[in-house]
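Here is a quick tour of this model, helix by helix and contact by contact. Have the structure open while you read.

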Amino acid sequence: MCELDEAGRLLTDSSSQPKGRVHVSAPASVAREILAPALPGFLARYPGISLRVLATDRIVDLPERGLDCAVRASEPTDDGRTVKSLVRMPQFFAASPCLLARHGMPRTLADIAALPFINYNGKRDESRLQVQAIAGNETHQFDVDAPISVDDGAAYVALACAGLGVVQSPLCDLRHHLVSGRLRLLLPECRGPALTFHMVYAEGKQFLPRVRAFVDWVHELLMHEQHHQPQA
């Protein structure tokens with residue numbers, strides 16, 4: 001009830017700017033590549049708000065970690081929490097120049113399927129991975145070799161940069177490595193299933209003006225990211 005009381009007090013003063021500290025978690029790549037570069041603009045817009053950002057690829061318990069909300073790029077779990085859908089982001093295939101020097105640049109999905117992959121967050125200890133690719137209106141599914149599994153996004157991309165396999169990720173995970181030449185997109189017109197980004201709230205926190213202001217800002221950033229994807 002204290003969150004509702006605070007929201008009510010602030011709403012009675014329409015001139016009041018949101019104030020207070022927002023505690024949020026976000027995937028490490030989203031925090032690093034999307035949120036951090038834009039934070040000066042957010043703090044200038046809302047000088048009364050401060051932030052504590054937990055950058056992690058793990059799904060954390062919000063009350064246990066004292067969090068107001070969390071950006072997630074996985075399907076919501078049925079735990080009764082309030083969820084706000086944000087955007088859907090396509091995933092792209094990428095590999096390092098050294099891997100491509102060994103195997104050749106793929107020209108078809110069959111060529112991609114012949115390459116080794118890296119399994120992100122694999123729940124089973126298997127060396128085969130089922131991969132989906134969307135080309136135009138058609139969805140293709142194929143099994144690939146995936147000798148390495150990892151549960152950390154930064155390590156996942158680092159393994160690809162080291163030439164150990166193909167990854168399938170949103171562009172925000174890959175951008176710096178593409179610019180530096182450490183990775184190359186493979187068949188950018190063929191994409192993996194889109195990831196749904198959403199915001200999960202701790203109980204009652206969605207009513208707080210400072211949390212609403214932060215969530216609306218994150219939504220703006222992700223919409224901008226979505227609109228600046230390579231064209232198929």
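Let's start with helix H2, residues 28-45. Its 18 residues, at 1.5 Å a residue, should span 26 Å, and the end C-alpha atoms sit 24 Å apart, which agrees. That expected span is 1.5 Å times one less than the number of residues. Helices here are DSSP runs of H or I with at least four residues, strands are runs of E with at least two, and both are numbered from the N terminus.

Before going further, the ground rules: this is a predicted model, where local features need pLDDT of at least 70 and side-chain atom pairs count only at pLDDT 80 or more, while totals for chains, interfaces and linings use all residues. Residues are numbered from 1 along each chain as its sequence is written, and side-chain values use heavy atoms, with hydrogens and water left out.

**Helix H2 and its cover**

H2 bends by about 50° at Leu-39, with a proline, Pro-40, following within four residues. The bend is the angle between axes fitted to the seven residues ending at a position and the seven starting there. Which residues of H2 are buried? They are Ser-29, Val-30, Ala-31, Glu-33, Ile-34, Leu-35 and Phe-42. Buried means under 20% relative accessible area, exposed means over 50%, and partly exposed is in between (1.4 Å probe, protein chains only). The cover over these buried residues includes strand S1 (20-26), strand S2 (49-55), helix H7 (171-180), strand S10 (184-201) and helix H8 (209-227).

Ala-154 is found in helix H6 (residues 153-161), and it counts as partly exposed because its relative accessibility is 45%.

H7 has buried residues of its own, namely Leu-171, Cys-172, Asp-173 and Leu-174. They pack against H2, S4, H6, strand S9 (167-170), S10 and H8. After H7 comes Gly-181, with a positive phi near 90°.

**The cores**

Now for the inside. The largest nonpolar core has 29 residues, and those touching the most other members are Leu-35, Cys-69, Phe-197, Met-199, Phe-214, Val-218 and Leu-222. Two or more residues come from each of S1, H2, S2, strand S3 (69-72), strand S4 (83-95), S10 and H8. H8 gives the most, with eight residues. A nonpolar core here is a set of buried Ala, Val, Leu, Ile, Met, Phe, Trp, Tyr and Cys residues joined through side-chain atoms within 4.5 Å.

What does Cys-69 touch, not counting residues up to four places away in sequence? The list is His-23, Val-24, Ser-25, Leu-62, Met-199, Val-200, Tyr-201, Val-211, Phe-214 and Val-215; contact means heavy atoms within 4.5 Å. A second, separate core of 18 residues includes Leu-100, Leu-115, Leu-129 and Cys-190.

Asp-68 lies in the loop between helix H3 (62-65) and S3. At a relative accessible area of 3%, Asp-68 is buried. Leaving aside neighbours within four places in sequence, its contacts include Arg-21, His-23, Tyr-201 and Lys-205.

**Salt bridges**

The count comes to six salt bridges, each one a side-chain nitrogen of Lys or Arg within 4 Å of a carboxyl oxygen of Asp or Glu. Here are some of them.

| Pair | N to O distance |
|---|---|
| Arg-32 and Glu-33 | 3.0 Å |
| Glu-220 and Arg-45 | 3.4 Å |
| Asp-145 and Arg-128 | 2.7 Å |

Glu-220 lies in helix H8 and Arg-45 in helix H2, so this pair ties together parts that are 175 residues apart in sequence. Glu-220 is partly exposed at 42% relative accessibility, and Arg-45 is partly exposed at 39%. Arg-32 counts as partly exposed at 42%, whereas Glu-33 is buried at 15%.

Asp-145 lies in strand S7 (residues 138-145) and Arg-128 in strand S6 (residues 128-135), so that pair links parts 17 residues apart in sequence.

How do S6 and S7 run, parallel or antiparallel? They run antiparallel, joined by eight bridges; two strands pair if DSSP finds at least two bridges between them. Leu-129 stands opposite Val-144 in S7. S6 and S7 form a hairpin with two residues between them, and Gly-136 in the turn has a positive phi of about 65°.
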